[in-house]
Protein chains: 2
Amino acid sequence: MALRHNNIPDVLLTPAEVAKLFKVNPKTVARWAASGKLDSLKTMGGHRRFWKSDIDRILGIKPAETRIGQLRNLSIFEPEDKRR
Amino acid sequence: MALRHNNIPDVLLTPAEVAKLFKVNPKTVARWAASGKLDSLKTMGGHRRFWKSDIDRILGIKPAETRIGQLRNLSIFEPEDKRR
DNA sequence: CCTGACTTGGGTAATTGGGGTA
DNA sequence: CCTGTCCCAATTACCCAAGTCA
């Protein structure tokens with residue numbers, strides 16, 4: 001799994017990041033989400049975030065790892081006595 | 001294990017942890033709390049902590065799919081109207 | 001030519017990110 | 001080192017008009 005500098009895997013992507021991957025306008029990505037073509041969740045402020053696993057699967061880059069699987073691997077979900 | 005106001009066992013997350021989960025800046029999480037969009041409590045030093053169950057729910061993760069969620073699924077911790 | 005479905009781009013308001021500071 | 005707060009620029013959401021095409 002791709003790890004960031006802080007050892008936390010990238011799970012969500014911003015509209016701009018998705019747009020760069022597909023080489024489309026960020027506005028187009030928003031329309032994909034609005035029309036249900038691409039699943040997304042929203043921040044408390046209403047901005048969209050996309051599941052990296054969805055994007056990877058669509059791009060055919062990686063054998064899809066489930067969203068839950070990715071989240072489970074986050075260190076903050078480990079038992080507190082085994083952190084760090 | 002921290003107990004929430006409704007006596008349901010829960011886990012607390014720091015602003016940085018919540019920020020990573022939502023792929024936003026920690027300062028954004030602080031704004032959510034300051035504006036009442038996200039429930040939080042404050043440590044004795046004035047720093048915020050967030051309820052993991054809140055984050056899970058917003059992210060669209062079913063309780064059964066998380067560690068703490070497994071505990072919450074015990075019927076004795078479930079609200080009457082939601083027991084199964 | 002007209003029509004309906006769809007896509008694209010502009011304008012505006014709101015949210016977010018990053019710097020500086022405490 | 002992490003966080004809270006303020007400021008300002010960048011990003012995004014949403015609405016709506018203009019354009020495309022069958």
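**Note on a predicted protein–DNA model**

1. B:Lys23 is buried, with a relative accessible area of 17%. Buried means under 20% relative accessible area, exposed over 50%, and partly exposed in between, with a 1.4 Å probe and protein chains only. B:Lys23 sits in the loop between α1 and α2 of chain B. A polar atom of the B:Lys23 side chain lies 3.3 Å from the backbone oxygen of A:Leu12. A polar contact is a pair of N or O atoms within 3.5 Å; within protein, one must be able to donate a hydrogen and the other to accept it, and residues adjacent in sequence count only if both atoms are side-chain atoms.

2. The model is predicted: local features need pLDDT of at least 70, side-chain atom pairs count only at pLDDT 80 or more, and totals for chains, interfaces and linings use all residues. Residues are numbered from 1 along each chain as its sequence is written, chains are lettered from A and ligands numbered from 1 in the order in which they are written, and side-chain values use heavy atoms, leaving out hydrogens and water.

3. DNA strand C has 14 residues around it, and A:Lys27, A:Arg31, A:Thr43, B:Lys27 and B:Thr28 come nearest. Sugar and phosphate make up 45% of the atoms of DNA strand C that come within 4 Å of the protein. A residue is near a strand if one of its heavy atoms lies within 4 Å of it.

4. Some atom pairs on DNA strand C involve bases. A polar side-chain atom of B:Lys27 is 2.4 Å from a base oxygen of DNA strand C. For A:Arg31, a polar side-chain atom is 2.6 Å from a base nitrogen of DNA strand C. A:Gly45 instead places a backbone N or O atom 3.1 Å from a phosphate oxygen of DNA strand C.

5. Two elements give two or more residues to the surface near DNA strand C: α2 (26-34) of chain A and α2 (26-34) of chain B. Helices (H or I, at least four residues) and strands (E, at least two) are DSSP runs, numbered from the N terminus. α2(B) gives the most, with four residues. By class, this surface has two nonpolar, five polar and seven charged residues.

6. DNA strand D has 17 residues around it. A:Ala16, A:Arg48, B:Lys27, B:His47 and B:Arg48 come nearest. The surface near DNA strand D divides into seven nonpolar, five polar and five charged residues. α2(A) supplies the largest share, three residues.

7. One is 3.2 Å from a polar side-chain atom of A:Lys42. One is 3.4 Å from a polar backbone atom of B:Ala16. B:Lys27 has a polar side-chain atom 3.5 Å from a base oxygen of DNA strand D.

8. B:Ser40 belongs to strand β4 (residues 40-42) of chain B. B:Ser40 is partly exposed, at 24% relative accessible area. Beyond its neighbours within four places in sequence, B:Ser40 is in contact (heavy atoms within 4.5 Å) with B:Ala33, B:Arg48, B:Arg49 and B:Phe50. B:Leu13 is 27 residues from B:Ser40 in sequence and 9.6 Å away in space, C-alpha to C-alpha.

9. An unreviewed UniProt entry annotates residues 12-57 of chain A as "domain: Helix-turn-helix". Such annotations may be inferred rather than shown by experiment; positions follow the numbering used here, and feature names are shortened. The span is 50% helix and 17% strand, with its end C-alpha atoms 14 Å apart.

Notes: Ala, Val, Leu, Ile, Met, Phe, Trp, Tyr, Cys and Pro count as nonpolar, Asp, Glu, Lys and Arg as charged, and the others, Gly among them, as polar.
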